[in-house]
Amino acid sequence: MLERDAVRASRRRLVIDSLGIIASGWGFGLVYGLAARGAGFSPLEAGAMSAVVFAGAAQFAAVGYVLGGFSWLGVVVLTAFVNARHALYSAAFVPYVADKPLPYRAVLAHFLTDEAFALSLAHFRRLGRADMWGFWWAAIVADFIPWNLATLAGVIVGGQIPDPNIYGLDVIFPAAMAGLAVGLVTGRRELVAAISGATIGVAVGLAWDPAAGVLAGGLIGPLLGLVTAPGPGERGEEAAR
Amino acid sequence: MSTDLLGLALLMGLVTYPSRALPMLIPGIHRLPARALDYLRLVGPAVLATLAALATAVTVDDERRTAFHVGIEWPAVIVCVVLIAARRGLLVGTVAAAVVAAVARAAGLA
């Protein structure tokens, strides 16, 4: 297949793959807007949080903290903790974006969410290189726009929103992350990294906090993958690098 | 319209951005040794599997107490994984997962 055809096919798959993420983003953006309204956020405040922080888990937590009367310092410290997992995404992107100009990487970083990372990394892996069209599609079209528009709709429309769990929208995020992880498992090392990361993540998440679980699974899983003997096909690949 | 929380949003953004940006912006980061690049290639599957497992098996209450959770999310995610392993695509997998959860809840099974 020609390079151009491969890029086109992978982009088409990315667009189709992102449809579930878009639906999920709409559902939970609406719920976030509604929760923010309930905690006394104005549309401007809720919208600013979605645009500036752009991290669903931390935003939901912040609504709870504000409602619970936490100090701003407490909210900010907990936000830093919950969002520390993004450093793993940024590090994993290094091999793909290292040749891009610094200002470009600085802008790109703001949009590096769970969903943008998962969708675009799968796209990059299919192509064996970065394709920034794919990143911007995943980050802006599939994530930023639905999340921000749905936030505003939720905070303005309020209580007329049905619970997205009724439609099963709450399972789209874990299903999509699991599905994209399966797509990235191309050998024994990836399999060990994924399974051990998930196991460690759940154990640490239960013992301490899910945010710590993501960091533990994302840091230790790859280490265990690295010390695993590669499968026969992987040996050749490694030797060729 | 209240603007009191705009400062909080800005501060939250300020502490979120470094974790997204710093690893990509460190000078010379592209000259990593091969072993480090191998490690970074394994971060994707590990962190995505961890996110999926935590979102499926761990619940957090309003006071951030965690609990192990077994529910309809498990079969829903498994259906998605099986469909993707059978090369049916992510959209088919996520739609099937949502349908499993929605139908089970509508039927009072979850």
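A quick definition before I start: helices here are DSSP runs of H or I with at least four residues, and strands are runs of E with at least two. Keep in mind too that this is a predicted model.

With that definition, chain A has twelve helices and zero strands. Read along the sequence, the pattern is α-α-α-α-α-α-α-α-α-α-α-α. The radius of gyration of chain A is 19 Å, close to the 18 Å that the globule rule gives for 241 residues, so chain A is as compact as a globular protein of that length. Along its principal axes, the C-alpha trace of chain A spans about 60 × 45 × 40 Å.

Now the inside of chain A. Buried residues make up 52% of its 241 residues. Take the contacts in chain A with a separation of 6 or more: residues 24 or more positions apart account for 73% of them.

Next, domains. Chain A is divided into domain 1, residues 3–166, and domain 2, residues 185–241. Taken over C-alpha atoms, the centres of these two domains of chain A are separated by 24 Å. How many residues of domain 1 are in contact with domain 2 in chain A? Five residues of domain 1 are in contact with four residues of domain 2. By class, the domain 1 side of that contact has four nonpolar, no polar and one charged residues.

On to the partner chain. Here 87 residues of chain A are in contact with 70 residues of chain B. Which helix gives the largest share of the chain A side? That is helix α9 of chain A, residues 172–184, with 13 residues. Sorted by class, the side of chain A that touches chain B has 58 nonpolar, 19 polar and ten charged residues.

Let me zoom in on one helix. Helix α8 of chain A, residues 132–157, has 26 residues. From first C-alpha to last, α8 of chain A reaches 35 Å, close to the 38 Å expected at 1.5 Å a residue. Where does α8 of chain A bend? The bend is at A:Phe144, by about 35°. A proline, A:Pro146, follows within four residues. After α8 of chain A comes A:Gly158, and its phi is positive, near 70°.

Now some backbone angles. Most residues other than glycine have a negative phi. Two residues here go the other way. The first stop is A:Phe54, where phi is near 50°, a positive value in a residue other than glycine. A:Phe54 sits in the loop between α2 (43–52) and α3 (56–67) of chain A. Is A:Phe54 buried or exposed? The cut-off for buried is 20 or more other C-beta atoms within 10 Å. A:Phe54 has 25, so A:Phe54 is buried.

The next stop is B:Arg87, with phi near 60°, again positive in a residue other than glycine. B:Arg87 lies in the loop between α3 (73–85) and α4 (90–106) of chain B. For exposed, the cut-off is 12 or fewer. B:Arg87 has 8 C-beta neighbours inside 10 Å, so B:Arg87 counts as exposed.

Last item: A:Gly233. This glycine, A:Gly233, lies in helix α12 of chain A, residues 232–240. A:Gly233 counts as exposed because there are 11 C-beta neighbours inside 10 Å. A:Thr186 is 47 residues from A:Gly233 along the chain. Their C-alpha atoms are separated by 9.7 Å.

Technical notes. Residues are numbered from 1 along each chain as its sequence is written. Chains are lettered from A and ligands numbered from 1 in the order in which they are written. This is a predicted model: local features need pLDDT of at least 70, side-chain atom pairs count only at pLDDT 80 or more; totals for chains, interfaces and linings use all residues. Two residues are in contact if their C-beta atoms, placed from the backbone, lie within 7 Å. Ala, Val, Leu, Ile, Met, Phe, Trp, Tyr, Cys and Pro count as nonpolar, Asp, Glu, Lys and Arg as charged, and the others, Gly among them, as polar. Domain bounds come from an automatic or database domain assignment. The expected span of a helix is 1.5 Å times one less than its number of residues. The bend at a residue is the angle between axes fitted to the seven residues ending there and the seven starting there. The radius of gyration is taken over C-alpha atoms; the globule rule is 2.2 Å times the number of residues to the power 0.38.
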